[in-house]
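Dear colleague,

Please find below the structure that I am handing over to you, followed by an account of what was found in it. I would be grateful if you kept the view open while reading.

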Amino acid sequence: MKTLQQVMAGVDFSPRSLNALREAQRIARWDGARCLALHVLDEDVVEDLSDRVEVARDEVLIGANRRLSAEIESALGPGHDVESEVVIGHPFRALIAEVERCQAGLLVLGSSGSGGDPARVGTVAGRCVRKAPVNVLLVRAVAGDGFRRIVAGVDFSETAVKAARHAVHIALRDGAELIFLHIHQPPAVMIDDPGYFGTLDVALMDQFDEELVEAVDEKLKDFARERIEEAGASTLNWRTETLRHGNVRAAINGFLQETGADLAVVGTIGRTGLKSLLLGTTAEKVIHHAPCSVLTVKPDGFDYETDG
């Protein structure tokens, strides 16, 4: 895996965004990467303020930069190695533009916006997860000394391979336990009119599904071993879990809750023209309901749009 050169944290001065900043600094230090804290001033708010109190945009920027510097020092302490920047623009589009300009390899954001729901993912963060051209880490809580238990979601796709590699990398850095998780959905066959083929033998179908689960479980073990071997991670504490469940999102989030995982790593899909599906239905539901931090990994050649 390539080492990170640049990590960017979006800071809106909320407690969760400061948690994201702390986590961004910790991750950047793994690879000696540059860490940048970015605050975006909403252009509409700035224009409205300028009209009301006749304050110049430059004055607003100076004040915001002072506040950002003070917040960073308060969160990280004096002598920190995090750079800071304030820009004026549309919150989402400006954030993505700065990610591209700085060639950031990872965008770190607080997981919740307004609303009081501890599992809530804010509007800007949600759009970044779906459309940002880089991997996005949504931070629920600071890992402190590091992640202790990481769950990598595996559906055997190419993006799942990429996500698993990131999960192995993080687990090695933090000395965490890594669980490769696959959710097997049993065949749901509903036939109102069996017609010529007659009735379905449910017992035979259940037997077939049990054999299928065993085969999938072996495939998952082989998948995990390949990721471990290619990373040279023979000392890593890892295991696999294949769960039989009809609802993938509920199964993943239930597993995260039961195991006390503090990081989930999931792959996303990239479909041009399907704006609401750029993340993938299952991954999106996992992110909005996960009890822990979530790293979303983009596929190679991810295509995105900042409009809409």
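**Helix packing and aromatic contacts**

Helix H1 (residues 15-31) packs with helix H6 (residues 158-174) at an angle of about 90 degrees, and their axes are 12 Å apart. Because angles of 65 to 115 degrees count as roughly perpendicular, the two helices H1 and H6 are described as roughly perpendicular to each other. On the H1 side, the contact is made by Arg 26, Trp 30 and Asp 31; on the H6 side, His 169, Ile 170, Arg 173 and Asp 174 take part. By class, the residues of this contact between H1 and H6 comprise two nonpolar, one polar and four charged. Please note that this is a predicted model.

Turning to the aromatic rings, the count comes to two aromatic pairs. In one of them, the ring centres of Phe 156 and Phe 223 are 5.9 Å apart; their planes stand at 85 degrees, so the pair is edge-to-face, as planes over 60 degrees apart are classed. This pair links distant parts of the chain: Phe 156 is in the loop between strand E6 (149-153) and H6, while Phe 223 is in helix H7 (residues 202-230), 67 residues apart. Phe 156 is partly exposed, at a relative accessible area of 23%, whereas Phe 223 is buried, at 7%.

The other pair is formed by Phe 180 and Trp 238, whose ring centres are 6.0 Å apart and whose planes are at 85 degrees, so this pair is edge-to-face too. Phe 180 belongs to strand E7 (residues 177-184) and Trp 238 to strand E8 (residues 238-244), so the pair ties together parts 58 residues apart in sequence. Phe 180 is buried, with a relative accessible area of 0%; Trp 238 is partly exposed, with a value of 28%.

Arg 26, already named in the contact of H1 with H6, has its charged end over the ring of Phe 147, 5.2 Å from the ring centre. Likewise, Arg 67 lies over the face of Phe 13, at 3.9 Å from the centre of that ring.

Yours sincerely

Definitions and conventions:
Residues are numbered from 1 along each chain as its sequence is written. This is a predicted model: local features need pLDDT of at least 70, side-chain atom pairs count only at pLDDT 80 or more; totals for chains, interfaces and linings use all residues. Side-chain values use heavy atoms; hydrogens and water are left out. Axes are lines fitted to C-alpha atoms, for helices over the stretch in contact, and angles run from 0 to 180 degrees between N-to-C directions. Helices (H or I, at least four residues) and strands (E, at least two) are DSSP runs, numbered from the N terminus. Angles under 35 degrees count as roughly parallel, over 145 as roughly antiparallel, 65 to 115 as roughly perpendicular and the rest as oblique. Contact means heavy atoms within 4.5 Å. Ala, Val, Leu, Ile, Met, Phe, Trp, Tyr, Cys and Pro count as nonpolar, Asp, Glu, Lys and Arg as charged, and the others, Gly among them, as polar. Rings of Phe, Tyr and Trp (its six-membered ring) pair if their centres lie within 6.5 Å; planes under 30 degrees apart count as stacked, over 60 as edge-to-face and the rest as tilted. Buried means under 20% relative accessible area, exposed over 50%, partly exposed in between (1.4 Å probe, protein chains only). A charge sits over a ring if NZ of Lys or CZ of Arg is within 6 Å of the ring centre and within 35 degrees of the ring normal.
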